[in-house]
Amino acid sequence: MNPEALHRLSEVADAATGYLYPNELDVQWSILIVLYPYLTGLVAGAFILASLVKVFNVKEVAPTYRLALLTALAFLLIAPLPLQMHLGHPERAFWIFLAPNPTSAMAMFGFVYAWYLMAVLLLEVWFVYRRDLVLYARQTRWPLSWVYAVLSLFSRDISPKALEFDRKAIKVITIIGIPSAFLLHGYVGFIFGSIKANPWWSSVLMPIVFLFSAIVSGIALVILIYMISTPLRGQQIDMKCLDTMCSYLFYAVIVDFSLECLDFIHRLYESEESINILSRLVLDKLVISLVVMQLLLGMAVPFLLFVIIKLFNLAEELRKLLYFVAAILIQVGIFSTRWNVVIGGQLFSKSFRGLTEYKIELLGIEGLLTAIALLILPFIVLTVLIRLLPPWDSPTERPTATGVAT
Amino acid sequence: MNRRGFLHSFWSYLLSFVGARWVMRAERATASVAPEENGKLFGMGIQVDKCIGCGLCMQACKSENDVPAEPFYFRTWVEQYVVKKDGEVAVNSIGTYRIGSPEDVSEKDVLRSYFVPKLCNQCENPPCVQVCPVRATFKTSEGVILVDDTRCIGCRYCIQACPYGARYLHPVKHTADKCTFCYHRTSRGLLPACVEVCPTQARVFGDVHRMASPLNRLKRMSKVHVLKDHLNTEPKVFYTNLDGGVR
């Protein structure tokens with residue numbers, strides 16, 4: 001056996017308190033599994049923000065519609081990577097598709113993911129960009145023109161009738177997409193919530209809490225990307241759009257906070273057998289990540305900032321600053337939420353008699369650096385997507401010498 | 001490729017995929033027919049009062065089943081409970097890397113002390129089988145839960161789902177590993193290694209269906225209890241004289 005792993009386990013054993021079953025010392029799901037619900041949450045949230053425009057006709061947030069879609073796509077493409085890298089045998093992952101166990105929540109991942117990617121996001125992005133792709137294919141030079149032609153799946157028709165069909169298709173896909181986004185993240189919550197062996201996870205509220213925290217983090221992410229990218233393009237931030245997005249974020253934070261309070265009060269009031277060890281878990285192991293980062297910095301401070309913005313008529317620049325700070329704090333808070341669920345749930349023994357410790361590695365496939373790289377990767381994908389499919393400008397049809405519009 | 005050609009190959013692929021799945025399922029069904037006919041259902045009885053905490057069962061298990069020698073991986077282990085006069089309980093697993101502190105308890109503070117051998121409970125409703133995404137972990141017709149280490153992807157969902165801490169990720173194979181009731185022995189009529197070596201016969205093994213089996217004799221003579229009954233996993237490891245404090 002690897003002597004480093006042995007050394008790490010001995011260190012963990014020295015740091016552990018109380019009694020643990022001997023196989024329980026090692027934390028099985030590492031920081032990579034923290035990333036997975038965090039990333040999919042961002043996808044679901046960003047998509048729901050985008051759907052506000054098409055389904056609920058919230059015109060104010062229209063400037064971020066395409067950006068939100070591309071953000072969702074970029075993060076969805078990377079979301080399965082941490083899962084795949086975490087497997088003991090990544091080369092066997094295809095069995096999940098070939099011989100899935102219908103009673104396993106995790107086996108359904110492949111199908112929910114494939115449905116969401118193929119039937120919702122890619123299809124919607126394609127219809128949204130089809131006209132642009134056709135025009136780019138005509139107006140750019142080879143090889144880019146060829147890339148756009150392939151991306152448009154060689155469609156050429158941009159007559160008003162065809163564009164009308166696109167609009168209808170987008171509406172239908174978005175309507176299907178909202179329950180799909182709920183499914184995508186609600187089911188991630190179910191993966192944890194359905195483990196009856198673990199009282200920290202086993203809760204019927206888990207999918208709903210996951211869902212609302214996903215909406216919170218996704219909207220906050222699009223706000224951040226919008227606030228950073230707009231000045232970079234030399235444009236003015238549309239304050240009406242920003243105010244509306246932040247209002248929705250505020251409402252989502254309220255629902256999320258209420259749900260988490262409900263979960264907390266419910267556990268405390270029922271005071272089941274596990275309550276003692278869970279209290280020790282929170283007080284001994286999760287004070288920083290749960291009380292300080294998740295509740296105080298990630299929830300209470302942004303909430304107060306939003307209340308201040310709503311109550312007082314603040315100047316535009318100050319509002320922007322507060323929104324920006326709130327959105328960053330919310331990201332920190334939601335990441336901590338994922339940490340507290342995934343890592344927190346493995347720090348106590350199922351004998352309810354002891355606590356172990358998670359010693360994160362710096363290097364290695366499940367190390368901190370890998371996790372940081374996996375967090376940066378979606379932004380690189382997003383940059384490429386934005387370059388290829390600019391969300392802000394649409395090409396115009398240009399008349400040519402022969403009089404045919406291109 | 002024209003449209004007709006495309007559709008033709010599409011349907012051929014689809015049919016062969018469905019066909020392959022059907023054959024695989026049929027193969028599995030026939031594979032499980034043979035043992036079902038003998039109708040055995042394996043279970044274990046553990047007499048808490050007879051265990052002296054010698055740890056022979058742990059050693060036998062490790063050498064019989066190629067369990068990693070390091071003190072962090074166990075298919076079976078023995079817990080030592082020391083109940084103090086003030087009601088506090090100190091617990092430890094003997095022979096494992098030292099966690100818990102019964103040794104620190106002064107003799108005059110001790111109310112009573114006992115050992116509890118633990119292993120996979122071979123549940124009738126196994127949460128590990130339910131959650132395995134690729135059906136690498138499965139229940140045999142004898143009710144034994146096994147892991148196919150050529151199929152296991154190492155996701156560790158089963159380890160999370162097991163309420164008894166009976167599973168671990170094998171550090172060399174990178175697949176889930178657990179007690180098999182020594183399936184390679186018991187399916188040939190032999191006893192599991194831990195039962196074979198127990199000097200006090202604290203562990204008994206047998207067929208739950210056969211009234212004359214040592215297990216059923218134990219169940220007739222004593223009151224038995226299972227671990228974490230409230231989780232409805234229906235364990236097939238039965239304990240006699242089990243203290244309420246054991247989880």
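1. Two residues are taken to be in contact if their C-beta atoms, placed from the backbone, lie within 7 Å. On that basis, residues 24 or more positions apart make up 60% of the contacts in chain B with a separation of 6 or more. The model under discussion is a predicted one, and the points below should be read accordingly.

2. The overall description of chain B is as follows. Its secondary structure comprises eight helices and eleven strands. Taken along the principal axes, the C-alpha atoms of chain B fill a box of roughly 90 × 40 × 35 Å. Chain B has 247 residues, of which 40% count as buried.

3. The backbone of chain B deserves attention at B:Gln122, where phi is near 45°, a positive value in a residue other than glycine. Most residues other than glycine have a negative phi. B:Gln122 is placed in the loop between strand 4 (110-119) and helix 4 (127-131) of chain B. This residue counts as buried because it has 27 C-beta neighbours inside 10 Å, where 20 or more are required.

4. A positive phi is also found at B:Phe181, with a value near 55°, and this residue too is not glycine. B:Phe181 belongs to the loop that runs between strand 8 (176-177) and helix 6 (183-186) of chain B. Its 28 C-beta neighbours inside 10 Å mean that B:Phe181 counts as buried.

5. In chain A, the peptide bond joining A:Trp142 and A:Pro143 is cis, with omega about 10°. Most peptide bonds are trans. A:Pro143 is located in the loop between helix 6 (108-139) and helix 7 (144-151) of chain A.

6. The largest nonpolar core contains 174 residues. Those with the most contacts inside this core are A:Val43, A:Ala46, A:Ala72, A:Val216, A:Ile219, A:Val222 and A:Ile223. Helix 2 (residues 31-54) of chain A gives the most to the core, contributing 18 residues. When neighbours within four places in sequence are left aside, A:Val43 is in contact with A:Ala72, A:Phe75, A:Leu76, A:Ala79 and A:Leu184.

7. How do helix 2 and helix 8 (residues 160-193) of chain A pack, and at what angle do their axes cross? The two axes come within 9 Å and cross at roughly 155°. Angles over 145 degrees count as roughly antiparallel, so helix 2 of chain A is roughly antiparallel to helix 8 of chain A. The crossing of helix 2 past helix 8 in chain A is left-handed.

8. The residues that meet in this helix pair include A:Val43, A:Ala44, A:Phe47 and A:Ile48 from helix 2 of chain A, and A:Ile178, A:Ala181, A:Leu184 and A:Val188 from helix 8 of chain A. By class, the residues of the contact of helix 2 with helix 8 of chain A are ten nonpolar, six polar and two charged.

9. The contact between the chains takes 42 residues from chain B and 43 residues from chain A. On the side of chain B that touches chain A, the elements giving two or more residues are strand 3 (89-93), helix 4, helix 5 (157-161) and strand 7 (168-169) of chain B. Helix 5 of chain B provides the largest share of that side, four residues. The side of chain B that touches chain A is made up of 26 nonpolar, ten polar and six charged residues.

How values were computed
Residues are numbered from 1 along each chain as its sequence is written. Chains are lettered from A and ligands numbered from 1 in the order in which they are written. This is a predicted model: local features need pLDDT of at least 70, side-chain atom pairs count only at pLDDT 80 or more; totals for chains, interfaces and linings use all residues. A residue is buried if 20 or more other C-beta atoms lie within 10 Å of its own, exposed if 12 or fewer, and partly exposed in between; C-beta atoms are placed from the backbone. A nonpolar core is a set of buried Ala, Val, Leu, Ile, Met, Phe, Trp, Tyr and Cys residues joined through C-beta atoms within 7 Å. Axes are lines fitted to C-alpha atoms, for helices over the stretch in contact, and angles run from 0 to 180 degrees between N-to-C directions. Angles under 35 degrees count as roughly parallel, over 145 as roughly antiparallel, 65 to 115 as roughly perpendicular and the rest as oblique. A crossing is left-handed if the near helix is turned anticlockwise from the far one by less than a right angle, and right-handed if clockwise. Ala, Val, Leu, Ile, Met, Phe, Trp, Tyr, Cys and Pro count as nonpolar, Asp, Glu, Lys and Arg as charged, and the others, Gly among them, as polar.
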